[in-house]
Amino acid sequence: MASKMEEEITRIKTEWDKTSEYMYIKQMERVEDKMECVFKKMIAEMESVKKEMENLEQDREKKTEKFEKLKEKIEKANKVKKQAREQIQILQQLDSPLEPEESVVAKIAQIQQETESFPEESGESNNWDEYYMKIACLAALRSKDPRTPVGACIADKKSYQIVGIGYNAMPYVKTRDNDKIFSWSSEKKEDEKEKSKKGEISKIKDHYVVHAAINAITNRTRNKLDGCTIYVTLKPDEDCARAIQLAGIKEVVYCMFTRNEKRGENKDMMNGEKFLKSNNIELKDLKESVLNKFDKNEVVKTLNSRILSPPQPNDDGPYKNALTWEDFFMKIAELSKERPGQFDTTDSRTGACIVSPTKQVMAVGHSGYPEDMELGEIEHNKEYITHAEYRAILGGPIVRGCTLYVTSYPCETCAKLIVQSGISAIVYGKPSKDPYPQRILQECLSNIRPKAD
Ligand SMILES: [Zn+2]
Ligand SMILES: [Zn+2]
């Protein structure tokens, strides 16, 4: 009986095992089914992602193609624009306003139409950068630093006005020669350490000299310099960078007029660069784009040769051949004729510079049409040309008690304006035979003389 029962148990067990095995298999199959379903879904998803990626790639290719085409178009535009400028220049060089040929008129109209929608070429802004940098170079030539003269010029690019000029100089001393009080020595740091050990006061210029950018800012002719651009002949260091930021200046354009090629990598200038960048002030090095070409300019050449000439044996004293005030202001007036703009080409160009009794450059002017005037057919109408001194007097701040430096003797209209503006002295270049301006100016002003040779 027992064995029968045992047999029965074994049978049931086996059956059960079979059943559970079966169940297990079934279960596995279900899982597999489910998994396959998920798997299929995943594959489908991957396929769709792949497809999307392919589409994107195509899109990207299309965009690149479009971009290349646009670039080509811009290049073509610049070429056409250049041609147009040349054509216009040729026309301007004709002395009399001849009726240009029909084909020329048609060509110009076509070029104008073609260029209307083109983006502005960067050349124009480069020309302005060059002009303001030349003023900064000229300012550097006023410096008495025997080794590293530096100049700075602040410009308001919206109103085309120069609003501050400076160069590195010793602190101002009223009624005495500051260059005789402070030393321009640039002796080595080691020597200096030796001296300070002995309790001697250092003569090294770094302790005393005020940098060009600081002087340009303190010489500003308006209270606020918000949004202005400063041009400096050397990259600003930390001190100058702080001053630039506080003054509200938004852009720094610099050159490296120095005999030390690695000067820009020194700590003080790297710190200045970091400071400016962290304050969202743009920093632009002119070297690559412009310097080579404008190296031919006389002011730039003079500055370069002064910097590159070997240092004087005794460089404690001030540099001997710095520009005189009169040469400086007259050269600024002359330089204004080199600025970009809508010039009077039928007349000889003139330039003007107005200077305050404390030697600040208050305004600079040139003869021409207003910068943003639409010229068209009125271009050769002399009546629309504003004279240099006229523009300087009315375009800038009030100039009572100031001195006017002008490249040629003023005309009758300007003479009247000069007197009314309160200008008290005139230094002029080219003389004039016109009796009326002479009558007006000689009656009203006590101080009027030609520029000294
Ligand atoms: Zn500085
Ligand atoms: Zn005039």
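A: Helices here (H or I, at least four residues) and strands (E, at least two) are DSSP runs, numbered from the N terminus. This is a predicted model, where local features need pLDDT of at least 70, side-chain atom pairs count only at pLDDT 80 or more, and totals for chains, interfaces and linings use all residues. Residues are numbered from 1 along each chain as its sequence is written, and chains are lettered from A and ligands numbered from 1 in the order in which they are written.

Q: Thanks! How many helices and strands does the chain have?
A: The chain comes to 14 helices and 10 strands.

Q: And what share of the residues is buried?
A: Buried residues make up 29% of the 453 in the chain. A residue is buried if 20 or more other C-beta atoms lie within 10 Å of its own, exposed if 12 or fewer, and partly exposed in between, with C-beta atoms placed from the backbone.

Q: You had a handedness term ready. Which way does H13 pass H14?
A: The crossing of H13 past H14 is left-handed. The axes of H13 and H14 (residues 435-444) come within 8 Å and cross at roughly 15°. That makes H13 roughly parallel to H14. Angles under 35 degrees count as roughly parallel, over 145 as roughly antiparallel, 65 to 115 as roughly perpendicular and the rest as oblique. The axes are lines fitted to C-alpha atoms, for helices over the stretch in contact, and angles run from 0 to 180 degrees between N-to-C directions.

Q: Which residues meet there?
A: From H13 there are Glu412, Ala415, Lys416 and Val419, and they meet Tyr436, Pro437, Ile440, Leu441 and Cys444 of H14. The residues of this contact between H13 and H14 divide into 7 nonpolar, no polar and 2 charged. Ala, Val, Leu, Ile, Met, Phe, Trp, Tyr, Cys and Pro count as nonpolar, Asp, Glu, Lys and Arg as charged, and the others, Gly among them, as polar. Contact means that the C-beta atoms of two residues, placed from the backbone, lie within 7 Å.

Q: OK, switching to sheets. What is the order of the strands in the one with S7?
A: That open sheet of 5 strands runs S7-S6-S8-S9-S10, with mixed pairing. S7 and S10 (447-450) stand at the edges with a single partner strand each, so one side of each is left without a neighbour in the sheet. Two strands pair if DSSP finds at least two bridges between them. S9 (residues 425-430) and S10 run parallel and are joined by 4 bridges, and alanine 425 stands opposite asparagine 447 in S10.

Q: Which helices lie on that sheet?
A: H11 (residues 325-335) packs on the sheet and touches S6, S7, S8 and S9, its direction making about 135° with that of S6. H12 lies across S6, S7 and S8, at about 140° to S7.

Q: Is H12 mostly covered or mostly open?
A: Mostly covered: 6 of the 8 residues in H12 (residues 388-395) are buried. Those are Ala388, Glu389, Tyr390, Arg391, Ala392 and Ile393. They pack against S6 (351-355), S7 (361-366), S8 (403-408) and H13 (412-421).

Q: What about the sheet with S1?
A: It is an open sheet of 5 strands in the order S2-S1-S3-S4-S5, with mixed pairing. Its edge strands are S2 (161-167) and S5 (282-285), each pairing on one side only. S1 (residues 151-156) and S3 (residues 229-232) pair in the antiparallel sense over 4 bridges, and cysteine 153 stands opposite tyrosine 231 in S3.

Q: Where is alanine 213, and what does it touch?
A: Alanine 213 is in H6 (residues 212-218). With 33 C-beta neighbours inside 10 Å, alanine 213 counts as buried. Leaving out residues up to four places away in sequence, its contacts include Ala152, Gly166, Ile230 and Val232.

Key:
Left-handed = near helix turned anticlockwise from the far one by under 90°.
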